[in-house]
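Please open the model in a viewer and keep the selection tool at hand.

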Amino acid sequence: MIQSNKNLYHRSRDDGLDASQTRVVETSLAHSPALTMNMPVLLGLTILLCSLCVATTKKNPLPFHDPPSDAVDHVNPLIGVGGDSPNGSGGMIPSTAPPFAMTRWVAQTRENYVSVTPYNYTETSIHGFQGTHQPAIWMGESGQVVVSPGAGRVLPKFEDRGMSFSHNNEVVSASYYSVKLEAIEGGEIFAEQSATSRVGHLRFTFTGTSAPYVLVEATRATVIGYSNPNNLTYPEGTVVIDPDNREICGNNPERQDNIIAPLSTPATNWSGYFCTRFDQPFTSWGVARNGTVSQNQTSGNGAMLSGYATFAPEQYQINIRTAVSFISIDQARQNLEKEVPDGQSLEETARQTRSAWAEKLDRIKLVGATNDQKEIFYTGFFHTLQYPYEQDEYGRYYSGYDDSIHEGVSYTGYSNWDTYRAEWAWLVLFAPERLPGMVQSMLQDYKQGGWLPMWKNIIETNIMVGTHADSLVAEAVLKGIIGFDLDTAWEAVYKDATVPPINDDVTVYDDRQEFVNYEVRAGLSSVYEQKGWVADDIHSESGSRTLDYLYDDFAVSVLAGLLNKTDEETFFRNRSMTNPFSIFNSVTGFMEAKNASGAWAGPDMGWTEGNEWAYTFDVVQNIPGLIAHKGGNASFVDFLDEHFDGGHNDHTNEPSHHVPYLYTLANAASKSQTRIRQIAESNYNSSVNGLSGNEDCGQMSAWYLFSALGFYPVNPVSGEYIVGSPFFDMVSIDFPSSDKKLHIVSPGAPSKPYIHSLSVNGRKLEQPIITHDELTQGGVFLFLMRDIPQAWASGVTSGN
């Protein structure tokens, strides 16, 4: 049977198995009689399907379907944009932009602020098209610009200019968006949108309307904080109208997170700049302030400010390009001319952006996935390649840390507390060309502001806890990323681990505390260095801080070892491995925060987006030590069962993401396989409510992506991935940093979650661990799957 079907293996397709890989699979299958008879046919069909995976167009009009890409066709930007609460569905927006774009463009259904995004699926009117720099739903907007079409009387106020629409008339993709709007005075406006990194490209077609106009909003009343939408400030910007050159340009200094910026680096002169250019002549123009329109004015400044241009009644179509900059209006104009020059069609802009997504997403091909699963997977892939986002502009960037313009590369939107877990590892694999610049950007922030970022949104915001840039830097070096200064990298992470913030013994550092300086490792000098924990009666979130700092110490030790700093490696390794158990309460069996005196603070005290259940498992650098403290593998597995069966696992927040994989490290891999599939099925779907928790700059999706492949980086700086349960019959991966493809072959996996055996290039794995080198060297990972729990790596559950 194998011989007679061998021709199926040798199709000369780049995405299929080569002859040597085929022999590896054949040899492995020969030892599995239950699969031998039908496996060659199955694998042959798998490869054939993989080679023919160009799907029909879903919703994009044909001119916007170039280049063909099954992966991009399965991106559904509406996943995670619904919900009636900030944490209801993912906190995403259906944005149009290339990977890591400086500005994402989106239809505006709401005025956004911390906890509110500019688009939500529940709304029924669109008020314009927004170039947004809001990196996550729980972060603030910065320097946005809104372009709003209209017909008849100019309506500058948000509440007045909204036009009704139906989701049935939306086309939503990674590179192109369109919608039919009901013009307020009658008729229809067909709005189309694409974008490059720094330029939004819009086209408005007017049918049966009054005389068309386009409004460009520079400033608005903006909400500060999230608890009170009536807590408004009024940023003052500028607008300049140049009818001869058909331009409306200006600036917007809005930065909603400025209230939580460190006191020593307030980014005083920061602003977003824009320059909008039209392809049609103006018939009239003017400026609007606080809803009052002043015709024939060519400039203005102040709050609640817009500029507008009107067009001839017979002008039925207008092309608009809006470039943004964090440097100046002139730089915005240069960005426009570089990225979308005069004469470039919307179709060409969309083609370039679609090509950028196809170059990334086509690197993974799935066989055995349903349409819904492909939408979840490729939309997740799409989400993971948006942040951190570009902040430099052709060799220059504004730094809010020293309020100056510098030469070099720069990124912002670093949600490090979330993304160090798996998102960063995903970027190492699929955006390695970006990693040197992303690390260098953090080192520049250190040089200009004094510290590596914790949560950078233009500048530091002191959001979350821990100095997880330490982990990002260490993981990059461990996995061979080069192109940044290692001496500066060590200096920066060593400072994180050894230098406390100012007034460390008296500053609480509550969540989003205002009027404080850099938070970094709050509590480092007050108790942590002497006793091993952060004191709950001095600092907020003390239990989480303790465990996060100790993981970061482990990351520092890894970097020290890579740089041959043996004394520092030993010191930080010892601290990271032993001190987590300084807050382990042996009476209750849980981690628990402590006060400075050593007294227990109480089981509900001191946690960040989690509780004592989640954080008791948060010792990823020393799981064997944790298992020992819980009484060994069997009792640890029982504790995990109690955690899951009791409903304590909260996948909506990141501290729980690694927990299902811990069964595997306690010799109960089949239980991991059960839990992973359950979590994937209950927390991810292809609807607008398709993410159970906020995306958090890609981390929610990174969990799904790694899990679907069959492994996860439980300890990101270990260089290892823990085996889980692959979801699909076959996955072919073309890594950008390697010419060796990886084929993950797991026949029957969609209905068979349990691993009978695993071999890597013909070598059977007895331990459920894959190294980073094994992953990137490519070849064949062959999983033999079953529909009932297996003994592989499961001695505890199999009775051994």
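Select Asn296, which is exposed, with a relative accessible area of 57%; this value is over the 50% cut-off. The model shown is a predicted one. Asn296 sits in the loop that runs between β17 (292–295) and β18 (299–302). Its phi is near 70 degrees, a positive value in a residue other than glycine. Most residues other than glycine have a negative phi.

Next, select Asp403, in the loop between β23 (396–399) and β24 (404–407). Here too phi is positive in a residue other than glycine, near 60 degrees. Is Asp403 buried, partly exposed or exposed? With a relative accessible area of 24%, Asp403 is partly exposed, because the value falls between the cut-offs of 20% and 50%.

The next two stops concern the peptide backbone. Most peptide bonds are trans. Select Asp66 and Pro67, which are joined by a cis peptide bond with omega about 0 degrees. Pro67 belongs to the loop between α3 (39–51) and α4 (70–73). Then select Tyr387 and Pro388, where a cis peptide bond has omega at about -5 degrees. Pro388 is placed in the loop between α8 and β22 (389–390).

The crossing of the two, α8 and α22, is left-handed. To view the contact, select Gln373, Ile376, Phe377, Gly380, Phe381, His383 and Thr384 in α8, which meet Ser701, Ala702, Tyr704, Leu705, Ala708 and Leu709 in α22. The residues of this contact comprise 8 nonpolar, 5 polar and no charged.

Select Cys249 and Cys275, whose sulfur atoms are 2.4 Å apart. The pair links distant parts of the chain, with Cys249 in strand β14 (residues 247–252) and Cys275 in strand β15 (residues 272–278), 26 residues apart. Cys249 counts as buried at 4% relative accessibility, and Cys275 is buried at 0%.

Conventions
Residues are numbered from 1 along each chain as its sequence is written. This is a predicted model: local features need pLDDT of at least 70, side-chain atom pairs count only at pLDDT 80 or more; totals for chains, interfaces and linings use all residues. Side-chain values use heavy atoms; hydrogens and water are left out. A disulfide is a pair of cysteine sulfur atoms within 2.5 Å. Helices (H or I, at least four residues) and strands (E, at least two) are DSSP runs, numbered from the N terminus. Buried means under 20% relative accessible area, exposed over 50%, partly exposed in between (1.4 Å probe, protein chains only). A crossing is left-handed if the near helix is turned anticlockwise from the far one by less than a right angle, and right-handed if clockwise. Contact means heavy atoms within 4.5 Å. Ala, Val, Leu, Ile, Met, Phe, Trp, Tyr, Cys and Pro count as nonpolar, Asp, Glu, Lys and Arg as charged, and the others, Gly among them, as polar.
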